[in-house]
Amino acid sequence: MLLIYVQNRDKVYLYYSLYMMGIMLYLSSTIQANIYVNYIFKEFPVVGLYLNFPIQLLFYIAYNKFVDTFLDLKKTDPWLHGKIIQMNLTFAGVLIATVVYQLITADALTVGKAWTGISALMIVAYIFLLYRLITFIKTPYARFLIAGMIIFMTAAVTCMVLVNFIRPSLVISPYNILEIGFFLEILCFSMGLGYKMWQTNKERQHIQEAYIGELKRNEAIIQEANLQLEQKVRERTSEIIRKNREIEDERKKQMTSDYERRLAMAEMSALRAQMNPHFMFNTMNTLEAFILEKQEKEASRFLNKFSKLLRLVLENSRQLLVSVEKDMKALELYIQLEQIRYDKRFSYSIKTDPRLVEEAYSIPPLIIQPFVENAIVHGLFNKSGQGNLEIELQLLDDKIYCRVQDDGIGREMAQEIRKKNKPHHQSLGLKVTGERIEILNQIHQVNVGTRTIDLVDSEGTPAGTKVEIYLPLL
């Protein structure tokens, strides 16, 4: 049994082997067994007497653990499992007390007398244990354990009665009856272990058969699924071929569209390259005019603003799109420079819809600046008295609305002045901006543009110009 435990590590075999080892030691060491010759303790019979009761307690502890493990009481009857633990703790306490008492007093006879009462209590406890097993445990191999317990308890009670009360003259010793009880109990237990092992193997075989059957069913399901999958694959292949043809046609159309779009972006870059030098030329004219007036403090402020503006213009000109916030910052610097140039002959206001900044919308860089430049140079510059410039950006449903409005002399009078001063001049900035808006429509497939409105007062006199610019949401 100990070798079986070493092979499969099932503790039921460990406890069973310890129980049988305890029985062997008990029967070989007891001095009352007339049939045996005690070779080990023949020179010291008292030692055998001292070991009698501790050995019995040890094999009873192993016996309880065997019953608990064999029937798996922790799962089948947790209450009885707890009671067996309490019984073993009690046996361990009695064992320690017995050993300590005998070591101190060397009085084995008193212990023997006390053992009669202890044995009676143990028999009562095992009768209760047997009743609990018969009543609650329904496993088929439990009957082998129950039969063995009944045989052993009968032999133990008979031996105790014959030794302590009747003492008859028999052919065999009462301890021989106990030995027969041990033998028959071990025989029942061994049959129970064998039956349990057979049942376990049978259950394992049933599980294997069920598993094999499930594998066969799964294989049939897989074969059916494969047939369905092959059919779906054929259908899907035909559909993919048709889709590929459609995609190929669409790809050809897309390639043509992408080519046209890249061409439009290249044209847009070329126009921006034209506009930036124009903007810088006008700014340098402003700086030159200001320096000629020899105002040093104003020149310093102007150069400071101009350097910031130059940095923003150079940075923005490298990008197709910039944020609304960034472009408005550059535009405001430009207006402030023009204010200084024209000795603050006009005021300005810029109103930007907060959603354009919060939601990070973008616009083409310097797209509004030419209209602002046109309003200042042609509308406000020639006006007598203080002028005003208003710039407003609003977020509409599907576009950005920009308004550039001045209260200058109006387009008609500005045109007459321009003809007198520069009869062949054409605004390059507005022309380039118009072309940029057209290309913007091509790239993003939108329809946006500009509208110019001549403003008049209540008497019909020109009172300025309003330019409305519509840009896509980017």
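Mentor: Terms first. Two strands pair if DSSP finds at least two bridges between them. Strands (E, at least two residues) and helices (H or I, at least four) are DSSP runs, numbered from the N terminus. This is a predicted model: local features need pLDDT of at least 70, side-chain atom pairs count only at pLDDT 80 or more, and totals for chains, interfaces and linings use all residues. Residues count from 1 along each chain as its sequence is written, and side-chain values use heavy atoms, without hydrogens or water.

Trainee: OK, what order do the strands of the open sheet take?
Mentor: 2-4-5-7-6, five strands with mixed pairing. Strand 2 (346-352) and strand 6 (450-456) are the edges, each pairing on one side only.

Trainee: How many bridges join strand 5 and strand 7?
Mentor: 8, in the antiparallel sense. Cys-402 stands opposite Ile-469 in strand 7.

Trainee: And strand 4 with strand 5, parallel or antiparallel?
Mentor: Antiparallel, with 7 bridges between residues 387-395 and 399-406. A hairpin through 3 residues joins them. Leu-395 faces Ile-400 in strand 5, and Gln-394 is opposite Tyr-401.

Trainee: New topic. Which strands does helix 12 touch?
Mentor: Helix 12 (residues 369-380) packs on the sheet, touching strands 2, 4, 5, 6 and 7 (462-472). Contact means heavy atoms within 4.5 Å. The helix direction makes about 160° with that of strand 4. Axes are lines fitted to C-alpha atoms, for helices over the stretch in contact, and angles run from 0 to 180 degrees between N-to-C directions.
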